[in-house]
Amino acid sequence: MLSRRRDFLAGAAGMAAMAGIPAVAWPQAKPRVTFISQWSAGSDGAAITGLGKRLEEEGGIWQHSPVPGFTTEMMNKLRADIIAGNPPAASQLKGPEIAAWCKIAPTVDLDTPVAAAGYEKLIPAELVGLHKPQGHWIALPMQVYRINTIFLSRPAMARVGATKAPATWAEFNELATAMKAAGIIPVANGGIRWDDGMKLEIALAGIGAEAYRAGIMQLDPKALKGPEMTAAFAQLRKIAGWMDPTTAAQHYSVHLPKFLKGDAGMLLMGGWAQGVIKGLGGKIDDILIAAAPQDEGQPCFVLNADSMIFWKRPEADLQAGQLLLAKLMMQKDVQEKYSQTTGSIPVRTDVDLSGPAWSDGQRDAAAALIEAFKSKRVLLSLAHNMAQPNQISAAMIDVITEFIHNDKVSPEQAVARLAQAVDNARG
Amino acid sequence: MSRAGPARGPGWRVWIGKSLPLAVIWVPLLINAAHVVGFTVWTTWLSFTTSELLPEYDWAGLRSYRAVVRTENIEIAYINLVLYGVGFVGLATLVGFLLAVLLDQRIRGENLLRTIFLYPLAVSFVVTGTVWSWLLNPGLGIQKFVRNLGWADFRFDWITDRDMAIYTIVIAAAWHAAGFAMALFLAGLRSIDPDLAKAAQIDGAGPLRYYLRIVLPGIAPIAIAVLVILLQFAIKTFDLVRALTGGGPGIATTLPALVVYDFMFQRGQLGRGSAAAVLLLLSLLLVLLPYYAYAQWRARRERAHG
């Protein structure tokens with residue numbers, strides 16, 4: 001019975017082929033990708049949709065199920081899918097979480113396509129390590145943002161006679177003091193944890209890049225309690241004093257209009273703020289984008305990257321889809337399109353950003369990335385969960401956000417608490 | 001159509017007639033019990049294991065509890081719970097009782113006012129939190145409004161002050177729940193025999209004395225119920241804080257339920273999250289057991305008297 005039906009189907013297919021009818025893609029199915037992420041709207045949504053379209057142009061099927069809202073909600077869905085034995089072909093996941101999550105479900109070995117693209121030499125070693133946690137490529141980065149970026153309101157600068165971005169923390173402090181005296185809120189900010197966490201990482205990276213690498217990324221106890229860390233907290237105390245006192249638990253973008261009007265002077269924020277400012281109708285010409293202050297005289301790059309992890313699936317069409325997606329994600333043109341949509345910079349360090357589709361801010365960040373890549377001064381962001389797994393970053397950010405909002409804590413006490421929090425989170 | 005009596009009908013009908021009520025009661029009860037008890041036991045078990053991203057069943061003893069208790073978060077959370085619990089229950093009860101007393105004066109438009117006061121309860125905590133976060137924001141809400149009226153030095157910036165921020169949650173939560181307390185108190189006031197009021201009047205008791213000596217003892221059981229309901233509201237508060245202050249400034253307004261969520265879902269530490277959840281359950285029992293004992297005592301006393 002069964003074999004007779006199979007004969008019949010084969011016969012029918014043969015007839016269709018003979019008749020020249022374009023039969024359904026059978027028996028070979030189209031490469032297909034099932035994907036979950038939190039990117040549903042805005043420029044992130046547009047960028048991922050663009051990537052999906054590209055996959056379809058290459059003959060694939062793109063099935064994206066966005067889980068909008070916080071990253072944690074997306075991760076809860078991913079966890080549920082993994083427990084149910086039905087993970088997506090690929091999902092959003094970043095930083096050290098890739099190493100943590102690849103232990104709970106099997107992943108795809110991407111070594112062959114990565115080697116074929118000669119990709120490993122093109123991207124910073126810090127990123128390579130995050131995406132091949134057990135010696136094999138299992139995930140791929142899609143875009144990079146510079147964290148240590150400063151945005152200056154040109155109207156506010158004009159009011160205090162400033163013409164260039166502060167290059168060192170001393171210049172920053174001088175400019176902030178002048179702005180404060182002129183009745184301008186020196187530092188525009190939000191009131192959310194990661195916003196606070198970023199301030200410390202920008203301060204520390206600008207004081208000592210190696211101290212950052214040893215203290216924040218490697219959790220070396222000596223560097224965690226080192227003089228650079230104390231200096232960073234002391235600088236953070238100054239920054240906290242210059243912050244907008246009215247931001248309570250609100251996203252920094254809520255208070256951006258003040259910055260655009262020149263009522264607030266400086267914004268320490270990742271490169272994505274450029275897209276947000278554009279979205280609010282702000283004029284990019286009114287804003288000066290530069291690297292955040294750097295006392296060591298040569299640029300360092302505090303990096304945040306969005307990535308995808310590839311989960312092992314038995315279906316042939318999903319496996320083909322994963323290979324196709326991986327190949328596309330490493331291509332120059334795909335990365336260019338993606339970064340132009342979101343305002344980030346490409347992961348590859350061999351992309352030319354001189355074209356009109358890129359902004360000065362993106363060019364500046366890309367140039368800094370290339371230079372830091374060469375001088376090995378690429379650092380991984382703490383507040384955006386690139387340097388440490390979630391439990392350790394969260395414990396460290398607890399200390400930082402408490403420090404910002406409680407001026408009775410001295411920098412020395414904060415350093416001690418930070419080391420204590422790391423110990424406790426690891427224990 | 002003649003109804004077949006149970007005795008004369010076929011056996012299966014009798015059987016259904018007897019077992020249906022049992023099924024209706026017992027099946028949902030068992031499912032509920034399995035859910036509540038089952039998951040409580042599971043969570044408790046997880047709290048003694050090494051679980052991180054996924055449940056694992058390697059015994060770790062009290063390690064998670066030690067780690068949780070050592071964090072500053074849990075310490076701040078429980079101090080906040082006491083401040084917030086006392087403040088919220090006290091304020092909501094007081095405001096609710098006052099509103100009920102005022103509404104009880106046989107005023108016109110009582111139905112309308114009652115609906116208005118009860119309305120906040122129909123609003124979700126997230127909406128309450130978001131609206132109050134705007135009202136309390138010094139740059140946008142009440143402070144700015146009063147300053148624009150001409151009082152230039154007016155300050156009301158509790159939400160950005162880490163020592164006062166917890167009281168903004170008290171205010172928002174009391175706004176939310178006062179109407180509920182009012183409704184219960186009003187029902188209690190209405191259940192007091194009007195003759196008693198007349199008798200008190202004839203005996204020359206003033207309104208204060210009337211309320212203190214007659215009304216309050218009369219509605220004591222309702223007051224206890226209000227307190228217990230509000231207190232368990234307070235202990236499980238989560239979404240209000242999340243929307244109002246996000247636990248900030250810093251971690252100044254975090255509460256135990258936020259700590260549980262934080263460990264379980266944001267830090268990927270199921271073991272520690274479960275330990276924090278078990279601690280939360282224990283603190284809930286701290287409230288419910290005395291109430292249970294009180295209810296038992298009351299019941300026994302009533303049986304003895306009546």
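Visitor: What makes helix 7 of chain B largely enclosed by the rest of the structure?

Guide: Happy to start there, keeping in mind that this is a predicted model. Of the 26 residues of helix 7 of chain B, 19 are buried, so the helix is largely enclosed by the rest of the structure. Buried here means under 20% relative accessible area.

Visitor: How do you know what span is expected of helix 7 of chain B, and what does it reach?

Guide: The helix runs over residues 165-190, and at 1.5 Å a residue 38 Å is expected. From its first C-alpha to its last it reaches 38 Å, close to that expectation. There is a bend along the way, of about 35 degrees, at A177(B).

Visitor: Over in chain A, why is A419(A) called buried?

Guide: Its relative accessibility is 10%, and the cut-off for buried is under 20%, so A419(A) counts as buried. This residue lies in helix 19 (residues 411-426) of chain A.

Visitor: Which residues is A419(A) in contact with, leaving aside its neighbours within four places in sequence?

Guide: Those are L224(A) and K225(A). As for N148(A), 271 residues apart from A419(A) along the chain, the two C-alpha atoms are separated by 23 Å.

Visitor: And what makes up the lining of the second largest pocket?

Guide: That pocket holds about 620 Å³ of space and is lined by 27 residues. Nearest its centre lie A240(A), P245(A), I404(A), H405(A) and T160(B). Helix 12 (227-242) and helix 18 (390-405) of chain A are the elements giving two or more residues to the lining, with the largest share, 3 residues, coming from helix 12. By class, the lining has 8 nonpolar, 10 polar and 9 charged residues.

Technical notes: Residues are numbered from 1 along each chain as its sequence is written. Chains are lettered from A and ligands numbered from 1 in the order in which they are written. This is a predicted model: local features need pLDDT of at least 70, side-chain atom pairs count only at pLDDT 80 or more; totals for chains, interfaces and linings use all residues. Side-chain values use heavy atoms; hydrogens and water are left out. Helices (H or I, at least four residues) and strands (E, at least two) are DSSP runs, numbered from the N terminus. The expected span of a helix is 1.5 Å times one less than its number of residues. The bend at a residue is the angle between axes fitted to the seven residues ending there and the seven starting there. Buried means under 20% relative accessible area, exposed over 50%, partly exposed in between (1.4 Å probe, protein chains only). Contact means heavy atoms within 4.5 Å. On a 1 Å grid over the protein atoms alone, a cavity is a set of points where a 1.4 Å probe fits but cannot get out, and a pocket is an open set with protein on both sides within 12 Å along at least five of seven lines; lining residues have an atom within 4 Å of a point. Grid points are joined across faces, edges and corners, and a volume is the space filled by probe spheres set on the points. Ala, Val, Leu, Ile, Met, Phe, Trp, Tyr, Cys and Pro count as nonpolar, Asp, Glu, Lys and Arg as charged, and the others, Gly among them, as polar.
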